[in-house]
Amino acid sequence: MAITTRQTEGFTMPELEYLAQNESIMIVPLHRMERIELVRGTVGPFRPPQKTSVPLWLAIMLKRTNRCRIVAPKWLKYEHLRDLNKSEEQPDAMFTKLPTYYLEIAHMLLTFAEDDLVESQGIRRLLQDLREVRQSKTMEGLRMLNSLQLQMDNLSMAEINEIRPLFGHSFDMLRQLDGLAQATETEQQQSQFADQSYAEMDDAFGPYPYHLVRVNSDPKVASELPGLRFANTASSPSTIIGWLKGSSGTVADGAEIRPAQFVENSKFWSHVEHVFREYAHEDPELQAQAAYQKSGWMNVTDGRNPPPLGRTGEPEDIVGCVFVEEKCIKRGSFQPNPTHRPATIHGLFQLPRFLQARLIEHLAIEH
């Protein structure tokens with residue numbers, strides 16, 4: 001069930017009073033009346049001076065027509081409120097248990113049945129003192145908020161409503177920070193592992209960017225993956241990333257690639273998509289991102305131009321997306337992004353190291 005904005009941000013006092021009107025209260029009828037059939041059941045018969053329990057809304061209606069006298073609840077009597085204040089003011093005292101709608105009920109009774117309350121002015125003052133003490137304790141309790149829970153027992157609905165917006169936003173922020181801290185720790189651990197695991201591969205294949213090689217059978221230039229620079233490149237077109245239109249002569253490694261000149265090789269990219277579908281769920285870098293996101297579709301961004309943390313990359317830099325369930329990438333869920341461009345002003349595409357190694361292994365077998 002979706003949570004409405006009202007549930008997230010809180011209720012108004014009239015709305016809380018409306019909810020409180022279904023609470024039961026004792027009255028002393030001033031006239032004889034028979035039973036009254038209500039949606040929630042039957043009330044009555046009313047026989048003065050016998051006390052009868054009715055919903056608060058009905059008690060107020062009868063009071064306003066001079067048909068009853070409302071009996072003040074025990075907790076709303078002057079002596080009891082005075083003792084409650086003393087208890088609340090004790091150091092390290094827990095919240096005193098009170099009716100869920102005690103503030104709303106007290107406000108309505110002081111408004112419509114003040115003459116039925118003994119020492120009504122003193123009751124008003126004690127209620128105000130009680131509320132201020134409990135508000136102070138609530139603010140102190142919020143200091144103990146963490147990303148898992150906040151426990152403050154015996155809060156009333158109005159008191160919960162006061163802290164609901166602050167609590168909701170603060171709790172969401174703490175959970176995000178906690179997730180970020182966990183993801184950072186995971187990335188650090190995986191980075192240490194990666195530095196050791198890929199050291200030999202770096203020595204063998206050389207650093208990024210990808211190499212540019214001359215194809216003897218074609219006057220244009222082909223861009224190949226490091227580690228797959230076969231003697232006869234033309235015999236293995238699936239290892240070619242793409243071609244540079246209009247290029248001639250010798251092109252050195254690391255030469256500038258203009259996006260307008262680059263033409264991608266569809267055979268090569270079909271292998272890239274295959275590797276993402278088969279191995280994306282095992283990639284340490286993507287696993288760390290999934291742990292942070294927790295669930296839903298997650299973008300896989302090209303390493304040549306990574307966006308700031310929490311931001312979405314440019315459409316041309318998003319390789320595709322994978323589906324995350326319970327902080328884990330679902331195998332085979334990779335969906336390619338048709339707007340991704342292998343070459344941009346930031347250079348050729350960059351895969352995560354793990355997927356780079358899997359792609360090289362896959363193409364070596366194909367070759």
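W269 is buried in this predicted model, its relative accessible area being 9%. The ring of W269 pairs with that of F268 in an edge-to-face arrangement, and F268 in turn forms a tilted pair with F349. Together, F268, W269 and F349 make up one aromatic cluster.

**Aromatic pairs**

- The count of aromatic pairs comes to six.
- One of these is the pair of F268 and W269, with 5.4 Å from centre to centre and 90° between the planes.
- The ring centres of F268 and F349 lie 6.1 Å apart; their planes meet at 55°, so this pair is classed as tilted.

**Burial of the cluster**

- F268 has a relative accessibility of 0% and therefore counts as buried, the cut-off being under 20%.
- F349 is likewise buried, because its relative accessibility is 1%.

**Placement in the fold**

- F268 belongs to helix α9, which spans residues 266-279.
- F349 is located in the loop between β15 (347-348) and α11 (353-366).
- The pair of F268 and F349 therefore ties together parts that are 81 residues apart in sequence.

**Charge over a ring**

- The charged end of R358 is positioned over the ring of F354, at 4.7 Å from the ring centre.

Terms used
Residues numbered from 1 in each chain as written. Predicted model: local features only at pLDDT ≥ 70, side-chain atom pairs only at ≥ 80, totals over all residues. Heavy atoms only, no water. Phe/Tyr/Trp six-rings, centres within 6.5 Å; stacked < 30°, edge-to-face > 60°. Buried < 20%, exposed > 50% of the residue type's maximum accessible area, 1.4 Å probe, protein only. Helix = DSSP H or I, 4+ residues; strand = E, 2+ residues; numbered from the N terminus. Lys NZ or Arg CZ within 6 Å of the ring centre and 35° of its normal.
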